Amino acid sequence: MKITALRLYHVAPRWQFLAIDTDEGITGWGEPVLEGQAETVATAVKSFESLLLGKNPLNINAIWQTLYAGGFYRGGPILMSAISGIDQALWDIKGKYLSQPVYELLGGKVRDKMKTYTWVGGDDPSDEIAQIETLVEAGWDTFKLNGCGKLKFLDSHRSIDAVVERIAEIRSHFGNKIDFGLDFHGRVSMPMAKVLLHELTSYRPLFIEEPVLPEFSGYYSTLSQSTSIPLAAGERTFCRHDVKTILEAGGLAILQPDISHAGGITEGIKIASMADCYNVGLAPHCPLGPIALSACLTVDFISPNAVLQEQSMGIHYNQGADLLDYILNKEDFIITDGYIKPLDKPGLGVVIDEDKVIDAARIPPNWKNPIWYHEDGCFAEW
Ligand SMILES: [Mg+2]
């Protein structure tokens with residue numbers, strides 16, 4: 001079998017699909033994208049084309065290594081997101097060729113269903129409580145909320161109180177009937193993270209995500225000693241070498257690699273095993289589309305330390321299209337009481353509505369992350 005063509009589709013809301021065609025008529029799909037940088041990743045995918053055309057797509061490990069190391073300069077968000085989408089498409093081809101779901105090719109499942117959570121957008125507690133009530137009625141019990149909005153390096157007690165009161169209101173309304181993680185999104189400085197972790201501990205968040213920016217991951221250990229809240233991070237890591245440094249420094253309870261940014265399934269299973277060696281749980285980051293989610297689930301279903309899976313259904317970023325809009329087998333993605341079953345069709349188990357993807361790509365989205373400033377005009381982390 002030989003790879004004959006690569007086709008890229010940049011589609012709403014902010015996703016990018018890659019089709020890899022073969023001379024045997026099998027097409028594999030992946031999601032090479034970095035949110036807000038889809039065109040840059042598309043250029044990186046195209047730069048790999050000469051290393052892919054004419055190659056046997058079943059030789060995933062050899063192709064991966066060539067893409068990763070063959071350019072001398074390696075790693076980073078752009079190149080690794082390109083490799084991730086290519087890797088996902090190659091696994092999809094291999095599974096379809098062997099008529100097996102990819103998790104079967106990796107040794108088989110360790111669980112029958114995977115726990116997922118859903119996002120609750122906004123920062124008004126009464127609105128968030130209403131949203132959560134609707135979701136609880138639909139069977140959800142685990143959520144993620146933004147921990148705070150803009151926060152200054154050294155912010156006032158008024159700002160800290162506003163953050164704490166919002167979380168207190170949600171916790172007191174639901175008691176222990178729900179669990180929620182709080183995403184600090186790298187908005188919080190080390191000094192303010194210490195304060196917030198201390199103040200929020202009694203409201204028992206399931207985890208605090210990106211308590212400080214990833215470049216300060218060396219402080220996770222110090223922060224973890226000041227709270228019983230599990231700390232989570234990892235969506236801005238791009239290969240096992242990034243993860244190695246973080247795991248060795250300690251402090252993380254949950255690692256959140258993005259299987260569309262951190263080298264795909266091939267690298268994702270290695271990262272999952274490395275986390276397991278440090279008794280760190282896995283909760284892959286996935287505010288992306290159905291192929292990215294399937295790639296995450298593939299890693300989850302073969303990894304004993306996978307604890308939670310993010311998914312983007314109804315997420316506030318999904319303007320113009322939602323998780324199931326580009327697929328034909330929507331019934332396979334049904335989430336019951338927060339659990340999703342393995343996608344059991346061959347390959348990644350995602351049946352792409354190709355006409356719809358081609359049509360949507362005619363008007364590509366232009367999603368960029370918001371740029372925030374503090375009141376003094378200085379840049380603020382989003
Ligand atoms: Mg996050």
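Me: A residue counts as buried if 20 or more other C-beta atoms lie within 10 Å of its own, and as exposed if 12 or fewer do. In this predicted model, is Phe72 buried or exposed?

Reply: Phe72 sits in the loop that joins helix 3 (60–69) to helix 4 (77–97), and its phi is positive, about 70 degrees, although the residue is not a glycine. Most residues other than glycine have a negative phi. Because 5 other C-beta atoms lie within 10 Å of Phe72, this residue is classed as exposed.

Me: How many C-beta neighbours inside 10 Å does Ser99 have?

Reply: Ser99 belongs to the loop between helix 4 and helix 5 (102–105), where its phi, near 55 degrees, is a positive value in a residue other than glycine. Ser99 counts as exposed, a class that requires 12 or fewer neighbours. The count that places Ser99 in this class is 10.

Me: Which peptide bond is cis, with omega near 5 degrees?

Reply: Most peptide bonds are trans. With omega near 5 degrees, the cis bond is the one from Ala12 to Pro13.

Me: Is helix 7 roughly parallel or roughly antiparallel to helix 8?

Reply: The axes of helix 7 (residues 157–174) and helix 8 (residues 190–200) come within 10 Å and cross at roughly 30 degrees. Angles under 35 degrees count as roughly parallel, so helix 7 and helix 8 are roughly parallel.

Me: How many charged residues does the contact of helix 7 with helix 8 have?

Reply: Helix 7 passes helix 8 in a right-handed crossing, and the contact is formed by Ile160, Val163, Val164 and Ile167 from helix 7 together with Val195, Leu196, Glu199 and Leu200 from helix 8. Asp, Glu, Lys and Arg are the residues that count as charged. By class, the contact has 7 nonpolar residues and no polar ones, and the number of charged residues is 1.

Me: Is helix 1 roughly perpendicular or roughly parallel to helix 4?

Reply: Helix 1 (residues 38–47) packs against helix 4 at about 65 degrees, the two axes lying 8 Å apart, and the crossing is right-handed. Thr40, Val41, Ala44 and Val45 of helix 1 make the contact with Ile78, Leu79, Ser81, Ala82, Gly85 and Ile86 of helix 4, and these residues divide into 7 nonpolar, 3 polar and no charged. Because the range from 65 to 115 degrees counts as roughly perpendicular, helix 1 and helix 4 are roughly perpendicular.

Me: How many nonpolar residues does the contact of helix 3 with helix 4 have?

Reply: Helix 3 and helix 4 pack at about 170 degrees with axes 11 Å apart, and they are therefore roughly antiparallel to each other. In helix 3, Ile60, Ile63, Trp64, Leu67 and Tyr68 meet Ile83, Ile86, Asp87, Leu90, Trp91 and Lys94 in helix 4. The contact includes 2 charged and no polar residues, and its nonpolar count is 9.

Me: How far apart do the end C-alpha atoms of residues 125–230 lie?

Reply: In an unreviewed UniProt entry, residues 125–230 carry the feature "domain: Mandelate racemase/muconate lactonizing enzyme C-terminal". This span is 44% helix and 11% strand, and the distance between its end C-alpha atoms is 23 Å.

Key:
Residues numbered from 1 in each chain as written. Predicted model: local features only at pLDDT ≥ 70, side-chain atom pairs only at ≥ 80, totals over all residues. Helix = DSSP H or I, 4+ residues; strand = E, 2+ residues; numbered from the N terminus. Axes fitted to C-alpha atoms, helices over the stretch in contact; angles between N-to-C directions. Parallel < 35°, antiparallel > 145°, perpendicular 65-115°, else oblique. Left-handed = near helix turned anticlockwise from the far one by under 90°. Contact = placed C-beta atoms within 7 Å. UniProt positions renumbered as here; feature names shortened; annotations may be inferred.
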